[in-house]
Amino acid sequence: MVVVRPSPQVPCYFIFGDSLVDNGNNNNIATLAVANYLPYGIDFPGGGPSGRFSNGLTTVDVIAKLLGFDHYIPPYANTRGRALLTGVNFASAAAGIREETGRQLGGRIPFSGQLQNYQQAVRQMVNILGDEDTTANYLSKCIFSVGMGSNDYLNNYFMPAFYPTGRQFTPEQFADALIEQYTEQLNVLYNYGARKVVLIGVGRIGCSPNELARNSPNGVNCVEEIDSAIGMFNTRLIRLVDEFNTLDDAHFTYINGYEIFDDILRNSAAYGLRMTNTGCCGVGRNNGQITCLPMQAPCTNRNEYLFWDAFHPSEAANIIIGKRSYNAQLPNDVYPMDVHTLARI
């Protein structure tokens with residue numbers, strides 16, 4: 001009996017971002033921002049580390065499956081030729097909107113570098129598909145996921161020992177500077193064929209085990225100074241969606257990662273998550289002072305943890321966030337539409 005799989009809802013899915021969605025692009029870069037060792041990937045289908053900063057699936061893995069792809073979108077680091085036609089993941093751990101973001105960790109591919117890699121991929125696709133018009137038409141049907149900004153706060157603005165930005169900018173000024181640069185970068189994406197673009201808002205970094213360990217007196221209450229600054233960026237990002245949607249054939253949408261995360265945090269028991277302020281794998285206070293070490297034994301009840309390590313959600317949390325991005329559960333999960341609706345345009 002031959003099983004015929006339905007085609008994916010879109011021909012291709014391109015992913016840009018940081019460690020929340022990196023799936024191996026940093027593996028062969030000289031950097032501390034790498035996750036190509038156990039226990040990372042301990043629950044990944046097939047088993048073993050791939051470079052994903054999770055015990056299993058990331059949000060974009062979940063979305064790829066919901067879009068109907070029969071494979072996870074591969075990292076650009078080892079994808080060329082016709083394999084590019086179904087999409088590729090350009091994300092790089094420690095990457096930011098700003099060039100300098102994350103430099104204290106070593107090598108990484110900032111958003112500008114990810115865009116350069118995308119432009120190279122488009123040139124390959126033009127060669128495969130025959131001409132620019134055919135390629136542009138093809139790309140206009142694809143979904144592009146972009147989630148940048150977390151590291152510009154985590155590994156830049158709120159790291160005064162390494163970066164002057166916290167002294168140079170008020171939180172409002174920094175949000176404005178980030179959005180100005182992000183706008184230019186997203187214009188490059190639009191000019192190279194992206195029409196259905198999902199912009200992921202920055203999550204509640206102030207609630208990560210690392211920030212709780214460093215800045216929360218009781219290790220439980222989220223760090224308001226950080227979350228307030230992120231809120232300013234996200235507010236501007238929503239306005240950016242409206243701006244881009246005035247362009248020809250543009251369909252930009254915003255995933256409210258901050259509010260989705262906040263809802264999971266406030267209603268954790270309903271989601272089966274018992275541990276919300278500590279990493280499943282890590283060292284020190286909240287398992288958040290040092291991230292998951294090679295061959296360290298993680299917690300056994302991983303599906304009950306909101307966080308996998310000092311910074312990153314568990315697979316259990318990623319599945320919830322991915323599903324709500326694809327199919328909005330609450331009205332403010334997305335603006336103006338979820339990924340499922342975007343795919344059908």
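Predicted model: local features only at pLDDT ≥ 70, side-chain atom pairs only at ≥ 80, totals over all residues.

Visitor: What order do the strands of the open sheet have?

Guide: The order is 1-2-3-4-7, 5 strands with mixed pairing. Strands are DSSP E runs of at least two residues, helices H or I runs of at least four, numbered from the N terminus; two strands pair if DSSP finds at least two bridges between them.

Visitor: Which strands stand at the edges?

Guide: Strand 1 (13-16) and strand 7 (334-335); each has a single partner strand, so one side of each lacks a neighbour in the sheet.

Visitor: And how do strand 2 and strand 3 pair?

Guide: In the parallel sense, over 4 bridges, with strand 2 at residues 143-146 and strand 3 at 196-200. I143 has K196 as its bridge partner in strand 3.

Visitor: New topic: where is M295?

Guide: M295 lies in the loop between strand 5 (275-279) and strand 6 (305-307).

Visitor: Buried or exposed?

Guide: M295 is exposed, at 65% relative accessibility. The cut-offs, with a 1.4 Å probe and protein chains only, are under 20% for buried, over 50% for exposed, and partly exposed in between.

Visitor: What about R123?

Guide: R123 sits in helix 2 (residues 111-129) and is partly exposed, with a relative accessible area of 47%. Its C-alpha is 44 Å from that of Y271, 148 residues away along the chain.

Key:
Residues numbered from 1 in each chain as written. Heavy atoms only, no water.
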